[in-house]
Amino acid sequence: MALTARVVIEPMRLEDVSAVHEIERLSFRTPWPAYAFEQELRGNRLARYVVARAGDRVVGFAGIWLMVDDAHVTTFGVHPDWRRQGIGRQLLLNVVELSIAIGARRMTLEVRASNEAAQALYHAFGFETAGRRPHYYTDDGEDALIMTTPELGDPRMAAIVAAERERLET
């Protein structure tokens, strides 16, 4: 699908859960249930979730938990029809900026060892592989790579964020 509407990143609302769950279902072999997103929005004070909205349609989402001073990316997805249009990049930039704003020192995430496209995006934002979780994924036993950023206050991260923000605005 061609990008026809301006995409904006906004905080996730309860009304977005069904659309987010549909993207989850289309994107992952073991999707989170819809009620998990509802519980996160209603009761997890450590959680922050955002959606990418094209017009009135939710086309992507991302979530983080602030755990002490680490922003852990819990979930991240773009609707299959809207991939390869920079929406994942916008979402990741937003959660990096959000992590900085809420006082995180660094970010971490797990990604499938086979998901080279996601790893390339994360590398572009300064994430490096820090370890491996063997047999992490319950559906097929695939390993997860643990990826982490340098300190978010590091000049390298500031340069990455500035370059990505400029790229988005041009």
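**Close-up views of a predicted chain**

Read along the sequence, the chain follows the pattern β-α-α-β-β-β-α-β-α-β-β-α, where helices (H or I, at least four residues) and strands (E, at least two) are DSSP runs numbered from the N terminus. This is a predicted model, in which local features need pLDDT of at least 70, side-chain atom pairs count only at pLDDT 80 or more, and totals for chains, interfaces and linings use all residues. Residues are numbered from 1 along each chain as its sequence is written, and side-chain values use heavy atoms, with hydrogens and water left out.

**View 1. The whole chain, with five helices and seven strands.** The C-alpha atoms fill a box of roughly 40 × 35 × 30 Å, taken along the principal axes. The radius of gyration, taken over C-alpha atoms, is compared with a globule rule of 2.2 Å times the number of residues to the power 0.38. For 170 residues a compact globule would have a value near 15 Å, and the chain agrees, with 15 Å. Buried residues make up 45% of the 170 residues; buried means under 20% relative accessible area (1.4 Å probe, protein chains only).

**View 2. Strand β4 (residues 70-78) and its hairpin with β3.** Nine of the nine residues of β4 are buried, so this strand is largely enclosed by the rest of the structure. Strand β3 (residues 57-67) pairs with β4 in the antiparallel sense over eight bridges; two strands pair if DSSP finds at least two bridges between them. Val78 in β4 is the bridge partner of Gly60. Two residues lie between the strands of the hairpin, and Val68 in the turn has a positive phi of about 60°.

**View 3. Strands β4 and β5, which run parallel.** Three bridges join β4 to strand β5 (residues 106-112). Thr108 in β5 is the bridge partner of His72. From β4 the chain crosses through helix α3 (residues 87-101) to β5, in a right-handed β-α-β crossover. Right-handed means that, with the strands pointing away from the viewer, the path from the first strand over the helix to the second runs clockwise.

**View 4. Asp143 in the loop between β6 (128-133) and β7 (144-148).** Asp143 is buried, with a relative accessible area of 19%. Its side chain makes a polar contact with the side chain of Arg132 (3.0 Å); such a contact is a pair of N or O atoms within 3.5 Å, and within protein one must be able to donate a hydrogen and the other to accept it, while residues adjacent in sequence count only if both atoms are side-chain atoms.

How values were computed
Buried < 20%, exposed > 50% of the residue type's maximum accessible area, 1.4 Å probe, protein only.
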